[in-house]
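Subject: Structure for you to look at

Hello,

Here is the structure I said I would pass on.

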Amino acid sequence: MHPAFSVIFLTTLIGLGQGLFLAIYTAQVYSVVELIPMTQGDDRIFYGVGSLIALVLLGMGLIASLFHLGHPERAWRSVTQWRTSWLSREVIALPLFMGSLFLYGLFHFMGWNPVLITVGEGFAIDLTLLMGAITTLLAFTLFLCTAMIYASIRFLQEWASPLTVLNFILLGGASGFTLATLFTYYAAPELVNFIGGWAMVLTVMALLSRGASLIRNRLLRPKSTPQTAIGVRHSTIRQMAQGAMGGSFNTREYFHGKPQLLVKWVKWTFILFVFPLPILFLALGISGPFDTLFMAALAVQYLGLIAERWYFFAEANHPQNIYYQVA
Amino acid sequence: MTQLALVIDLNVCVGCSGCVTSCKEWNSSGEAGPMPDQNPYRAEPTGTFFNRMQTYEIGTFPNTDTLHFPKSCMHCAEPPCVPVCPTGASYKREEDGIVLVDYDKCIGCKYCSWACPYGAREFDEQSKVMKKCTLCVDRIYDLSLPEAERQPACVISCPTSARLFGDVEDPDSEVSVKIREEGGYPLMAEWGAQPSNHYLPRRKTHIRVREEELVRADNPLKRENFTKPSKDDQSLDDIMSW
């Protein structure tokens with residue numbers, strides 16, 4: 001498939017935003033059950049500004065997605081087919097998540113945090129905890145919808161796997177936690193070890209999951225062959241003409257058109273940039289802590305994710321390509 | 001249930017691309033138009049087509065066979081491109097099974113084209129919407145046309161009658177009989193889209209004559225060696241008369 005930068009930026013930016021929110025809420029849940037100390041800094045800054053940064057990233061992703069459309073002014077129509085289309089579901093889930101995240105951040109920032117129920121001995125469930133739980137549910141719904149857009153197309157065998165969903169969740173989560181590590185350095189330094197530790201754990205998990213999908217895709221055998229495509233039983237079938245001299249939509253949309261060497265180079269770049277380098281920078285950064293190393297970890301991982309998403313598209317081999325081998 | 005579709009006889013198709021040009025002509029001036037081109041008269045010409053003529057070489061020289069292969073939308077019974085559309089612009093008509101795009105609802109996200117294993121949908125770079133074969137829906141029901149012309153443009157124009165149009169759900173229709181009796185097959189059946197368009201395979205006629213049929217005693221060909229007996233030879237009467 002041809003990697004479209006609008007979609008690359010959409011999926012990586014919203015993944016980063018979702019991951020950042022999940023990191024912040026994880027810190028809140030841990031501090032509520034007193035596994036980690038309450039933040040000593042200003043809660044309004046940590047939760048409020050943290051949510052705002054996530055919202056900005058999601059908004060940037062939303063804007064990037066509009067560049068993918070031929071008629072962005074009709075985009076509102078895409079909420080109608082949620083019964084059948086994962087794309088439609090994503091279009092609904094994204095603003096719902098953003099709205100919920102906005103309320104979560106707002107309640108924290110304004111300090112509107114009445115205790116709703118007290119469970120057991122003084123374990124209070126307050127408004128922001130509930131709001132965060134709803135937002136978390138929506139964050140995972142959005143991850144599922146985004147990934148299922150790709151995983152639900154059965155012809156694209158490289159994508160049609162539960163690993164695609166797992167990869168989107170773990171890669172988004174890992175990059176979000178890395179961003180959160182940098183953010184906590186400024187907003188709640190006592191949490192740097194906790195968030196940074198989780199960022200490393202998630203990056204390792206993402207490596208396992210993405211590695212598994214790389215191996216799976218390597219072993220794939222295409223279901224469609226020139227024989228099934230034109231229905232002729234002969235081992236030697238060679239295309240002589242595809243019905244277009246200067247290419248067509250079919251040659252532009254489904255082929256990356258880059259040399260195989262570059263694709264291979266992009267693959268090893270992302271494997272290096274998304275996984276080992278950020279882990280190294282995070283580990284060294286936590287030992288300080290040094291904010292420049294957290295910045296480096298985030299920059300390297302996000303650049304790596306752009307390469308990862310580019311490769312995700314380039315790697316997918318659409319069966320229609322069989323019909324478009326020779327001009 | 002009615003499912004209109006095309007049956008393409010690969011044994012008859014000569015690859016003249018008449019169907020491609022007549023499709024473009026009709027649909028450029030019909031309801032589905034325009035079908036714009038980019039750089040039509042310069043290097044790298046490209047544009048929107050609903051139907052394309054492809055050519056394949058089967059086998060290795062000198063034992064090769066050339067196959068001309070027109071490809072358009074299959075109007076699948078289970079079209080995978082329809083449920084993925086986020087706006088409902090892509091739809092399958094209940095009454096005749098034609099898969100269409102509502103160009104006023106299409107947002108041009110191209111997701112439907114990803115979900116078509118045949119590459120039958122083509123994005124119109126000028127109108128910024130997805131376009132595809134309409135099976136000349138604006139033609140086949142046009143009562144102002146003579147009945148014989150109420151067929152897709154590609155079918156009418158085919159000089160060798162390699163293209164047939166009809167209801168593949170009706171077992172007695174011309175297309176169903178052809179599919180049944182002449183080995184009609186769908187493309188890429190492995191994806192379960194149940195394409196409605198069918199292709200009739202290349203068929204070669206062989207005369208089966210065995211060696212012994214050529215040399216057997218009563219073969220009339222032997223009469224070629226028949227020589228007239230001379231008057232001195234014994235005749236049947238000479239033997240029988242004593």
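This is a predicted model: local features need pLDDT of at least 70, side-chain atom pairs count only at pLDDT 80 or more; totals for chains, interfaces and linings use all residues.

Contact between chains A and B

Chain A and chain B contribute 46 residues each to the contact. On the side of chain B that touches chain A, at least two residues come from each of strand 4 (51–58), strand 5 (65–72), helix 2 (111–114) and strand 8 (122–124) of chain B. Strand 4 of chain B gives the largest share, 7 residues. By residue type, this side of chain B has 26 nonpolar, 11 polar and 9 charged residues.

Strand 4 of chain B also pairs across the contact: 4 bridges connect it to strand 3 (residues 237–241) of chain A, and the two strands run antiparallel. In this pairing, A:Gln239 is opposite B:Tyr56.

Sheet in chain B

Chain B has an open sheet of 3 strands, ordered 10-1-11, with mixed pairing. Strand 10 (163–167) and strand 11 (198–200) of chain B are the edge strands, each pairing on one side only. From one strand to the next, the twist averages 25°.

Strand 1 (residues 4–9) of chain B is joined to strand 10 of chain B by 5 bridges in the antiparallel sense. There, B:Ala5 is opposite B:Gly166 of strand 10.

Helix 5 (residues 174–181) of chain B lies across strand 1, strand 10 and strand 11 of chain B, and runs at about 115° to strand 10 of chain B.

Regards

Conventions
Residues are numbered from 1 along each chain as its sequence is written. Chains are lettered from A and ligands numbered from 1 in the order in which they are written. Two residues are in contact if their C-beta atoms, placed from the backbone, lie within 7 Å. Ala, Val, Leu, Ile, Met, Phe, Trp, Tyr, Cys and Pro count as nonpolar, Asp, Glu, Lys and Arg as charged, and the others, Gly among them, as polar. Two strands pair if DSSP finds at least two bridges between them. Axes are lines fitted to C-alpha atoms, for helices over the stretch in contact, and angles run from 0 to 180 degrees between N-to-C directions.
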